[in-house]
Each structure stands twice: as structure tokens, then as C-alpha cells.
Amino acid sequence: MSIYDKVRKVTTHVLNEMKLRNEKIAMLTAYDYSMARILDNAGIDVILVGDSASNVMAGYDSTLPITLNEMIYHASSVVRATKRALVVVDLPFGTYQGNSKEALSSAIRIMKETGAHAVKMEGGQEIKESIERILSAGIPVMGHLGLTPQSIHKFGTYVVRAREEAEAQKLVEDAHILEETGCFALVLEKIPATLAGKVAGELKIPVIGIGAGSKVDGQVLVLHDMLGITQEFSPRFLRRYHNLFAEIKGSVESYITDVRSVDFPNEKEQY
Ligand code: KIV
């Protein structure tokens, strides 16, 4: 029997146990009550309230503009819908890079005002002090390396990271630093599959990939991408399970036709 079947509430401990048993972790993003409710009912292990909300919910072209207050709004809606999944919330750009005290107060606001279970932060060695301070307050931290979208203006492009030896070596070092510092899990985004497999093999904590191949301990996708609500974003790693954009558009078009032709409402749809 899978540990998954016995677990009523996913915790960081459960994720570690899943790695030990070689059971893959399924994680998706959500930003609102209704979607989170569906994900939790379906049995997702981890819901990430990602700062990708900046793109898919608010329509910005990067993750940089979203604020802490906006993340708190999204996260508290998700937490209200969630009974079983572990809810992890991204610390948005500009709320933890300045200094570790600011990082801690941002993380405390998320935990206190949303009821979420952990925070996620992008970066390695350079944010170690902030991670330590947040952990010292008893707040679990998930790391994030590889393509870290909050640094998009430094990278200048969304291409695969760590193809070059020097960057790959730095990524492996950072992954070890994050584990030693006390992160409970790590996201690796858009890096070569062999490198991701090496990191997952060396670390004891679960490594969740997005565009990082199958040799990791779990996978994460942005919900709106995998459901086909977003159209313009089509990287190789994305598997689309639906074309909800077309389905919703079709339904709305039918509704408009029905209203205009007075087919809706009919006799049975009125009092
Ligand atoms: O914000 C987000 O959705 C993320 C995932 C891509 C891992 O960080």
C-alpha cells in the first residue's frame, strides 16, 4: 500500500517519507478557492501558491510585480479550500532579498495571515541567511534553483539553465547548501534532466522538477498551463491535459447566442 493512501494530511515529513519509498510527489499551482478545492479533492500532494499568479491571474509579463498583500490574498483563498494537501506559498520578489529580518517578517505575515504550511524562496548561497532566520522561527522553507523567474532580468531569457559546467557546478553546490541549511524540499526549474537526476540522487530532501526530467522525486506544473487556459506559453516540458481556453470560449459563445436568441432562459429556467 502506498503511503499516499494512508495519509490524511500531507506534511513535510510525509514528503520525506515519499522520497525514501521512491513514491513520486505530485504538485500543482493554485491561486483561488475553487481551483484549490478541485486539486485537493483529486488528491494532489502539494499546492503551490506560486508567484506565477503575477502572470496567470494578474496578466503581468513577469513574476516581479506581485505584492506580498496579493500573495496573501491568493494563499488564504487556497488554504480555505484545502483539507489534505500541503500548501506552500512563494515569497514574492523584493520581500526577502534585502535582509534576513525583512525576509522573516514577510514569511511570518504569510504564515499568520493565510494559514499556509511553508514558504518557497528562489536562490542559493546568497539567501542562506534569510532562510536560516525563517527556519529559526519554525517556518518550513522550500528552495528553488535553476531558472528562477524572479531573476529574469539578470538572465535576460527563459532558456534552459545550467547547461554550462560552471553554472551546473554552482547549482549542485547551492542545492547542498539549501539542504544543509534546512530546506525541506527543492524545486529545480528548466535544467538538463541528467543534472536534475544527479541532484535528486545526492540530496536526502525531495527534489521537485519543472522541465527537469523524470529522475527527480516529483513534478510541478502551473495549473493554467497544464489545463490549456494559457495559450501563448508552450515550452517542451509542458504537457497540456486540456484545452480549457477553447472549451470555456465555446461555452461563452453558446451562452451569448442563447441570450441573444431568447433561447435562454426557457420555461423551466424561470419562476
Ligand atoms: O511560481 C510558480 O508557479 C513556480 C513554479 C513554476 C515552480 O515557482
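I began with one crossing: H7 passes H9 in a right-handed crossing. A reminder to myself that this is a predicted model.

I looked up the geometry of this pair next. Helix H7 covers residues 128-136, and it packs against H9 at an angle of about 20°. Their axes lie 10 Å apart. The angle is under 35 degrees, so H7 is roughly parallel to H9.

Which residues of H7 meet H9? I found Lys128, Ile131, Glu132 and Leu135 on the H7 side. They meet Ile177, Leu178 and Thr181 in H9. I sorted the contact of H7 with H9 by class: 4 nonpolar, 1 polar and 2 charged residues.

**H9 again, now with H10**

I stayed with H9, which spans residues 165-181. Its partner here is helix H10, residues 193-202. I read an angle of about 25° for the pair, with the axes 10 Å apart. That makes H9 roughly parallel to H10. I noted the handedness too: H9 passes H10 in a right-handed crossing.

What does H9 bring to this contact? I listed Ala168, Leu171, Val172, Ala175 and His176. On the H10 side I listed Leu195, Lys198, Val199 and Glu202. By class, the contact of H9 with H10 holds 6 nonpolar, 1 polar and 2 charged residues.

**H3 and H5**

Helix H3 runs over residues 33-42, helix H5 over residues 68-81. They pack at an angle of about 40°, and their axes are 8 Å apart. Roughly parallel or oblique? The angle makes H3 oblique to H5. H3 passes H5 in a right-handed crossing.

I took down the contact residues. H3 supplies Tyr33, Ala36, Arg37 and Asp40. H5 supplies Ser77, Val78, Arg80 and Ala81. The contact of H3 with H5 divides into 4 nonpolar, 1 polar and 3 charged residues.

**The barrel**

I turned to the strands. How many strands form the closed barrel? I count 8, in the order E1-E2-E3-E4-E5-E6-E7-E8, with parallel pairing. Neighbouring strands of this sheet are turned by 25° against each other on average, with direction ignored.

I checked where the barrel closes. Strand E1 (residues 25-29) is joined to strand E8 (residues 218-221) by 4 bridges. These two strands run parallel. Leu28 stands opposite Leu221 in E8.

I then looked at the other neighbour of E8. Strand E7, residues 207-210, runs parallel to E8 and is joined to it by 2 bridges. Here Gly209 stands opposite Gln219 in E8.

One more pair went into the notebook. Strand E2 covers residues 46-49, and strand E3 covers residues 86-90. I found 4 bridges between E2 and E3, which run parallel. Which residue is the bridge partner of Ile47 in E3? The partner is Val87.

I kept a general rule in mind: most residues other than glycine have a negative phi, and most peptide bonds are trans. Then I searched for departures from it.

Asn22 has a positive phi of about 60°, although it is not a glycine. Where does Asn22 sit? I placed it in the loop between helix H2 (12-20) and E1.

I also found a cis peptide bond, which joins Phe264 and Pro265. Its omega is about -5°. Pro265 is in the segment after helix H12 (244-260).

**Domains**

I finished with the division of the protein chain. The assignment gives domain 1 as 3-240 and domain 2 as 244-271. How many Å separate the centres of domain 1 and domain 2? I noted 39 Å, taken over C-alpha atoms.

How values were computed
Residues numbered from 1 in each chain as written. Predicted model: local features only at pLDDT ≥ 70, side-chain atom pairs only at ≥ 80, totals over all residues. Heavy atoms only, no water. Axes fitted to C-alpha atoms, helices over the stretch in contact; angles between N-to-C directions. Parallel < 35°, antiparallel > 145°, perpendicular 65-115°, else oblique. Left-handed = near helix turned anticlockwise from the far one by under 90°. Contact = heavy atoms within 4.5 Å. Nonpolar A, V, L, I, M, F, W, Y, C, P; charged D, E, K, R; others polar. Domains from an automatic or database assignment. Pairing = 2+ DSSP bridges.
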